[in-house]
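This briefing is for a reader who is new to the structure shown below. It starts with a single residue and then moves on to other topics.

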Amino acid sequence: MKEVRYFYTPDIDKSHELPEEEAAHALRVLRMQQGDEMVLMDGKGNYYQAVISAASGKRCQFQVLEVLPQPREWVGHLHLAMGPTKNMDRTEWLVEKATEIGFDELSFLNCRWSERKVIKTERVDKILVSAMKQSHKAEKPVLHDMMDFKKFIQQDFPGQKFIAHCHVEDLPELRKELLPNTDVLVLIGPEGDFSEEEVALAEAHGFKSISLGKSRLRTETAALVAVHLMHLANC
């Protein structure tokens with residue numbers, strides 16, 4: 001049985017030509033040719049059964065044979081906001097694994113104790129796309145540039161809002177607080193955790209302090225646990 005090839009085509013409603021990087025992968029790496037079939041993903045919930053109609057140089061054009069809307073794997077909008085790790089490899093690992101599990105939105109926070117103040121979202125976006133294709137997710141998580149913590153929490157968010165931190169013992173556990181089929185936003189702090197001032201400010205804006213369990217977790221592990229719990233509560 002011939003292996004099905006998946007490609008990301010976010011502008012399929014405007015163009016029937018693979019993006020440059022996807023075309024290079026199809027033609028140079030996979031050696032695909034005119035007449036070969038493939039599955040396209042728009043990152044918005046749809047697959048497209050398609051066939052290569054023309055392949056020359058760096059360009060790969062296609063013809064859509066059938067539109068295949070994909071059912072949502074979970075209910076509600078799952079939003080993770082985190083202080084990125086000093087070592088970007090750890091954050092990139094989190095992005096890949098969280099996408100494989102399934103969530104909707106990713107924000108990066110510039111916090112009081114953040115050791116990383118700048119993040120290149122272009123590379124993170126590529127990891128999102130790669131993980132989306134690998135795990136056959138029909139929707140690509142929305143990615144935001146880094147934002148100051150205080151500015152971020154002043155925005156309006158629907159549904160439940162939580163902040164995970166280690167300043168207080170015996171906090172309620174996220175797994176017991178999540179309501180099914182509900183929009184959820186969870187804040188995860190940087191390696192130095194949120195400051196007490198940030199926690200108080202978040203609570204003043206409607207965020208509930210929670211624990212992710214008895215174990216003390218690295219930032220990227222805590223973020224992945226949060227995504228998994230949100231997903232389980234809404235799938």
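Lys161 is found in strand E9 (residues 160-164), where strands (E, at least two residues) and helices (H or I, at least four residues) are DSSP runs numbered from the N terminus. This is a predicted model, in which local features need pLDDT of at least 70 and side-chain atom pairs count only at pLDDT 80 or more, while totals for chains, interfaces and linings use all residues. Residues are numbered from 1 along each chain as its sequence is written, and side-chain values use heavy atoms, with hydrogens and water left out.

- Lys161 is buried and has no salt bridge; buried means under 20% relative accessible area, exposed means over 50%, and partly exposed lies in between (1.4 Å probe, protein chains only).
- A salt bridge is a side-chain nitrogen of Lys or Arg within 4 Å of a carboxyl oxygen of Asp or Glu.
- The nearest side chain of opposite charge to Lys161 is Asp156, 6.5 Å away; Lys and Arg count as positive and Asp and Glu as negative, while His and the chain ends are not counted.
- A polar atom of the Lys161 side chain lies 2.7 Å from the backbone oxygen of His205.
- Leaving aside residues up to four places away in sequence, Lys161 touches Leu185, His205, Gly206, Phe207 and Lys208; contact means heavy atoms within 4.5 Å.

**Strand E10 and its partners**

- E9 and E10 run parallel and are joined by 5 bridges; two strands pair if DSSP finds at least two bridges between them.
- Gln160 stands opposite Val184 in E10.
- Strand E5 (residues 78-82) is also parallel to E10, with 5 bridges between E5 and E10.
- Leu80 stands opposite Val186 in E10.
- In E10, 5 of 5 residues are buried.
- Val184, Val186 and Ile188 are buried on one side of E10, and Leu185 and Leu187 are buried on the other.
- Asn181, in the loop between helix H5 (174-177) and strand E10 (184-188), has a positive phi near 60° although it is a residue other than glycine.

**The sheet E1-E2-E3-E4**

- Strands of a sheet pair through backbone hydrogen bonds, either parallel or antiparallel.
- An open sheet is formed by 4 strands in the order E1-E2-E3-E4, with mixed pairing.
- Strand E1 (6-8) and strand E4 (59-69) are the edge strands, each pairing on one side only.
- On average, neighbouring strands of this sheet are turned by 40° against each other, direction ignored; axes are lines fitted to C-alpha atoms, for helices over the stretch in contact, and angles run from 0 to 180 degrees between N-to-C directions.
- E1 pairs with strand E2 (residues 37-41) in the parallel sense over 3 bridges, and the bridge partner of Tyr8 in E2 is Met41.
- Helix H1 (residues 20-29) runs at about 155° to E1 and lies across E1, strand E3 (46-56) and E4.
- Helix H3 (residues 121-134) runs at about 150° to E1 and lies across E1 and E2.
- In the loop between H1 and E2, Arg31 has a positive phi of about 55° and is not a glycine.
- Arg31 counts as exposed because its relative accessible area is 62%.

**Salt bridges**

- Side chains of opposite charge can pair when their charged atoms come close.
- The whole structure contains 15 salt bridges.
- One of them joins the side chains of Glu17 and Arg59, at 2.8 Å from N to O.
- This pair links distant parts of the chain, 42 residues apart, with Glu17 in the loop between E1 and H1 and Arg59 in strand E4.
- Glu17 is partly exposed at 24% relative accessibility, and Arg59 is partly exposed at 46%.
- The side chains of Lys97 and Glu96 also meet in a salt bridge, at 3.1 Å from N to O.
- Lys97 has a relative accessible area of 25% and is therefore partly exposed; Glu96 is partly exposed at 31%.
- Arg175 forms a salt bridge with Glu173, with the closest N and O atoms 2.6 Å apart, and Arg175 is exposed at 52% relative accessibility.

**The chain as a whole**

- The protein chain has 7 helices and 11 strands.
- Of its 235 residues, 46% are buried.
- The C-alpha trace of the chain spans about 60 × 35 × 30 Å along its principal axes.
- Among contacts between residues at least 6 apart in sequence, 73% join residues at least 24 apart.

How values were computed: A polar contact is a pair of N or O atoms within 3.5 Å; within protein, one must be able to donate a hydrogen and the other to accept it, and residues adjacent in sequence count only if both atoms are side-chain atoms.
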